[in-house]
Amino acid sequence: MAQSTFTYILTMLALLLRALYLFLLLCGALLGSWLALQSAQHGIGALSLLWVPVATVGLPLLLQFLVILNAMVQSRTGDAGARWWRQLWAEYRSAVMIFMLRQPWPRRANGVQKPLSGVDTAPERGAVPVLLVHGFLCNHRVWDDMALALRQAGHPVLALDLEPLFGSIDDYASVIEAAVTRLQAETGAPQVALVGHSMGGLAIRAWLRTLSAAQRGRVARILTLGTPHQGTRMPQPVATRNGRQMAWHSTWLQTLHASESDEQRALMQLALNLNDNICFPQAAQTLPGVPVTEFRGIGHLEMCRHPRVIDWTCQQLASSQPMETNA
């Protein structure tokens, strides 16, 4: 199973990112060669060759910076000066780490990861197993820092991959169901907790509404990080199906809201990002009756890596011990 899972990931997001960055590297190399020739013709000499490595590496880094800069400008919330530039720089570093250095290179052993802390993890005494659900244009490697912290806290962890990339969010319900079943089977726990970032929080809610009251007994807690619960005004360069579902007050979101009961929302806790550069208006991303914890000064991607968010997640899950159910 691990090998087939790896192959499927490689042919989707990881392969797409590899192809994109290879193309940008080639374009950068061509640009650098042209600049080197131009410099040589103007008598700069051997130093002109520096244009080749600088442009090869610099072009993809520059384009990534411009993407983050555009999102930060469109979503600006009033922060100015040094604070805004610090947020931009932190989100840019997270984008480079996640999109360039992690997600193109998925791990073969993307299965249930055991705790690292040596805590007794018997189902009746150990920390609740955690399913991590990523967002749009991401894969399981966006969770590297979070997964490590959760395992150090004694939690078994499974970070899944939502495929296809541009399908309906409703279609991810079966992927989450299979992952929950696998996590329970491999840990023996009667309950699991689910943590969703961005679109991942909506995918969890779409899965939750497919369950009967008895089946919901398997859920200990649901945490969402930077999820567009009311949709986002961020324009999409390409209108994908799941992207349209996440548009501001979309019909799909309104239908999802109407389908949820108080019992379902009682399982949820929201981490609201007041400086989110993707999901805005930021303060509107709430749900009726669901507790909210607000974060400031953190970018959208950075929520998966920031120590404050990771600590909050671990604290919330520390009280979600597996318990016997009548399901």
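In the predicted model, S198 is found in the loop between β3 (192-197) and α6, and this serine has a positive phi of about 55 degrees although it is not a glycine. Most residues other than glycine have a negative phi, and most peptide bonds are trans. S198 is buried, because its relative accessible area is 6% and the limit for a buried residue is under 20%. A second residue of this kind is L137, whose phi is near 55 degrees, again a positive value in a residue other than glycine. L137 is placed in the loop between β1 (130-133) and α4, and with a relative accessibility of 32% this leucine counts as partly exposed.

Two peptide bonds of the backbone are described next. The bond from E163 to P164 is cis, with omega near 0 degrees, and P164 belongs to the loop between β2 and α5. The bond that leads from F280 to P281 is likewise cis, its omega being near 10 degrees, and P281 lies in the loop between β5 (268-273) and β6.

As a whole, the protein has 10 helices and 6 strands. It consists of 327 residues, of which 53% count as buried. When contacts between residues at least 6 apart in sequence are considered, 74% of them join residues that are at least 24 apart.

Charged side chains form 9 salt bridges in the model. One of these salt bridges joins the side chains of D145 and R305, with a distance of 3.4 Å from N to O. D145 lies in helix α4 (residues 144-152), whereas R305 lies in the loop between β6 (292-295) and α10 (307-318), so the pair ties together parts of the protein that are 160 residues apart in sequence. D145 has a relative accessible area of 23% and is therefore partly exposed, and R305, at 24% relative accessibility, also counts as partly exposed. Both D145 and R305 also belong to a network of salt bridges, in which they are linked with R102, R141 and D144.

Another salt bridge is formed where the side chains of R209 and D170 meet, at 2.7 Å from N to O. R209 is located in the loop between α6 (199-208) and β4 (219-225), and D170 in the loop between β2 (157-159) and α5 (172-187), so this pair ties together parts that are 39 residues apart in sequence. The loop between β2 and α5 is also where P164 is found. With a relative accessible area of 26%, R209 is partly exposed, and D170 counts as partly exposed at a relative accessibility of 31%.

A further salt bridge connects the side chains of E260 and R265, for which the distance from N to O is 3.0 Å. Here E260 is buried, and R265 is buried too, whereas R209, at 26%, is partly exposed.

Conventions: Residues numbered from 1 in each chain as written. Predicted model: local features only at pLDDT ≥ 70, side-chain atom pairs only at ≥ 80, totals over all residues. Heavy atoms only, no water. Salt bridge = Lys/Arg side-chain N within 4 Å of Asp/Glu carboxyl O. Helix = DSSP H or I, 4+ residues; strand = E, 2+ residues; numbered from the N terminus. Buried < 20%, exposed > 50% of the residue type's maximum accessible area, 1.4 Å probe, protein only. Contact = heavy atoms within 4.5 Å.
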